[in-house]
Amino acid sequence: MKTVWLSLAALSLAGTAAVAEQVRVYNWSDYIDESLLQKFEDETGIDLIYDVFDSNELLETKLLAGGSGYDVVVPTGTFLQRQITAGVFQKLDYAKMPNAVNLWDAIKERTAQYDPGNAYSINYMWGTTGIGVNVGKVKEVLGEDAPVNSLDLVFKPENMEKLAACGVMFLDAPTEIIPAALKYIGEDPASVDPEVIAKVEPLLMSVRPYVSKFNSSEYINALANGDICVAFGWSGDILQARDRAAEADNGVEIEYNAPKEGALMWFDQMAIPADAPNPDGAMKFLNFIMDAQNMAAASNYVYYANGNKASQEFLNEDVIGDPAIYPDEDTMKNLYTVVPYDPKVQRTVTRLWTKVKSGT
Amino acid sequence: MNLRRLFLIAVPYAWLGLFFLVPFLIVFKIALSDSALSIPPYTPTLDLSGGWTSIKEFFQGLDFENFVFLTEDSLYWKSYLGSLKIASISTVLTLAVGYPIAYAMAQSADEWRPTLMMLVILPFWTSFLIRVYSWVGIISNEGLLNQLLLGMGVIDTPLQIMNTPTAVYIGIVYTYLPFMILPIYSALEKMDGSLIEAGVDLGCSKLQAFWLVTLPLSRPGMIAGCFLVFIPALGEFVIPSLLGGSKTLMIGKVLWEEFFSNRDWPVASAVAVVLLLILVIPIVLFQKNQEKAEEAGR
């Protein structure tokens with residue numbers, strides 16, 4: 001017994017002696033080349049603790065509760081803007097991050113609408129919200145001329161009724177689906193007027209019975225395995241599903257399309273909470289991420305475009321050359337952005353969303 | 001002597017006060033607040049630095065608005081009812097599956113009992129989350145069950161079990177089964193076998209003896225088991241969110257959504273307070289009823 005206590009004591013001593021500097025990062029699921037995490041630890045000697053989430057709402061709950069314990073978090077632009085107002089973040093010290101010169105002005109201008117002067121955040125990745133289809137199954141159900149590049153596919157009840165048999169998933173993110181529905185009925189997708197937003201209710205209620213699940217992370221695997229044939233989701237996730245299916249060689253062929261009616265363009269921003277335990281370590285991590293080769297490795301792995309101009313020469317051709325990831329001029333014109341809701345409108349939006357999801 | 005008694009009684013009360021009453025009061029206080037975009041995400045917060053006036057202001061900021069809100073929206077009572085329905089049906093199903101297992105265990109030879117007991121407890125050694133997740137692999141459209149049935153030619157199209165209430169029932173019954181088996185088993189095991197013999201000697205058939213002797217004697221075990229299944233099933237969140245579809249309306253899910261999607265802590269707390277009342281009141285009434293019945297029986 002005595003030896004047990006002794007060894008326990010020795011262990012705890014060793015534990016305290018070995019506590020290295022730590023950085024805790026909270027990022028979206030399936031959103032980085034995991035070998036980069038090891039590389040960061042090797043280069044800096046900092047212990048990296050990497051956690052993942054799959055909804056902005058969840059992240060915001062943790063941030064607003066305070067004391068989340070994270071040093072780096074990755075909210076989407078609209079959420080970031082609200083959170084800055086709530087005093088969640090601390091300003092970045094660009095002097096400590098020399099790699100910031102690699103950032104892409106075209107993206108910085110756009111993210112400045114959420115974070116003026118990019119004082120609190122840097123862009124990690126950006127993308128569009130659109131439709132992923134299992135080409136074979138959708139054509140089998142809807143025929144050769146299935147509208148795979150149009151919102152008709154997911155917002156026309158007669159199409160959805162047929163697709164329900166092979167499975168449809170929607171993002172569980174009202175801030176992504178409601179703007180698309182507004183666009184589809186010819187309203188301003190960025191509207192924050194509760195009366196305008198209410199107009200999408202009949203449309204969403206008419207297709208909801210055919211949605212097998214509202215979820216923001218399960219559709220990558222479900223699409224790749226052939227469990228579902230349509231996903232209303234994020235560009236890179238669907239492209240990851242395409243790759244997983246190709247790797248598994250299971251006869252599933254996945255395709256991503258930004259809807260021709262217009263697609264939502266969003267920006268995921270890396271920021272440092274005001275109460276981060278290790279802000280210096282956090283800035284070392286941001287600097288590491290802004291390294292051109294590291295950022296390129298991440299994009300090559302997750303199939304999302306990034307806000308790093310210098311990384312573009314290291315991107316694979318199937319990333320930089322794919323208009324679904326780096327849209328050409330024409331598609332770019334068709335993309336829209338949205339603004340955050342204030343708390344009152346937020347309640348209308350989430351209530352509408354609960355109604356859509358549960359039918360009540 | 002008196003001091004000792006007082007101390008003994010004080011311990012459980014202190015425990016209840018610290019781990020039930022205090023958290024409940026905190027939640028109740030948040031339920032009376034308004035949501036705000038700040039840290040923490042509600043207002044007012046108690047600030048003692050301003051002395052008496054700030055305490056007065058704090059109390060003036062509290063109101064029952066959120067409870068009124070719950071009555072105005074059909075979503076909430078519908079989800080309470082949905083949860084009650086799912087929890088009741090699951091409890092009955094668990095009892096129906098668990099009783100025969102417990103009975104068989106109690107009837108088996110002495111040397112087998114530890115092994116059987118082990119088999120019931122063994123799944124607990126695996127994480128609850130993993131056990132629920134593995135059902136996805138079994139009942140999904142491309143899952144084991146459908147592949148097997150399709151392969152044997154029993155069905156032509158995959159059975160849609162995943163994302164339906166059936167999947168939720170399967171998940172709950174599977175997860176909570178040991179909580180039903182163990183109390184029933186312990187009641188049956190303690191039962192004196194000679195009582196059955198006496199019953200049979202007095203002219204009962206085996207079935208009658210079971211009905212008139214075994215079943216009433218195992219009633220406390222059944223009641224304990226039903227409570228152990230019903231209460232957690234009512235607030236269950238993980239199982240419906242992993243196995244159930246968008247149509248499964250349960251209060252645990254609504255609570256989670258109020259908290260994490262709406263980020264409206266005050267309304268979420270109000271939902272939690274109501275859920276607690278719904279649970280506590282019938283249990284207290286039942287307890288009172290039991291006590292009366294016991295006294296009447298004496």
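Reply: What follows starts with the interface and then turns to a few residues in the loops of each chain. The model is a predicted one.

On the interface, chain B contributes 33 residues, which are in contact with 32 residues of chain A. The two chains bury about 2700 Å² between them. Of that buried area, 52% is on carbon and sulfur atoms.

B:D73 forms a salt bridge with A:R351, and their closest N and O atoms are 2.3 Å apart. On the chain B side, at least two residues each are supplied by α4 (74–107), α12 (238–243), α13 (251–260) and α14 (265–297). The element that gives the most to this side is α13(B), with 5 residues.

Chain B also has a nonpolar patch on its surface. The patch is formed by B:M118, B:L119, B:L122, B:F124, B:W125, B:F179 and B:L228. Together these residues have about 680 Å² of accessible area. One of them, B:W125, sits in the loop between α5 (113–121) and α6 (128–139) of chain B. B:W125 has a relative accessible area of 64%, so B:W125 counts as exposed, the cut-off for exposed being over 50%.

Next come some details of the backbone. Most residues other than glycine have a negative phi, and most peptide bonds are trans. In chain B, the bond that joins B:I39 and B:P40 is a cis peptide bond, with omega about -15 degrees. B:P40 belongs to the loop between β1 (34–35) and β2 (42–43) of chain B.

Chain A has residues to look at for their phi. A:N118 is not a glycine, yet its phi is positive, at about 50 degrees. The loop that holds A:N118 runs between α5 (105–111) and β4 (121–134) of chain A. A:N118 counts as buried because its relative accessibility is 7%, and buried means under 20%. A:Y303 is not a glycine either, and its phi is positive at about 60 degrees. A:Y303 is located in the loop between α15 (292–302) and β10 (305–306) of chain A. With a relative accessible area of 8%, A:Y303 is buried.

Definitions and conventions
Residues are numbered from 1 along each chain as its sequence is written. Chains are lettered from A and ligands numbered from 1 in the order in which they are written. This is a predicted model: local features need pLDDT of at least 70, side-chain atom pairs count only at pLDDT 80 or more; totals for chains, interfaces and linings use all residues. Side-chain values use heavy atoms; hydrogens and water are left out. Patches are made of residues with over 30% relative accessible area and no salt bridge: like charges are joined within 9 Å, nonpolar side chains (Val, Leu, Ile, Met, Phe, Trp, Tyr) within 5 Å. Accessible areas come from the Shrake-Rupley method with a 1.4 Å probe; for residues, only the protein chains shown count as cover. A salt bridge is a side-chain nitrogen of Lys or Arg within 4 Å of a carboxyl oxygen of Asp or Glu. Helices (H or I, at least four residues) and strands (E, at least two) are DSSP runs, numbered from the N terminus. Buried means under 20% relative accessible area, exposed over 50%, partly exposed in between (1.4 Å probe, protein chains only). Contact means heavy atoms within 4.5 Å. Buried area is the accessible area (1.4 Å probe) that two parts lose on being put together, summed over both.
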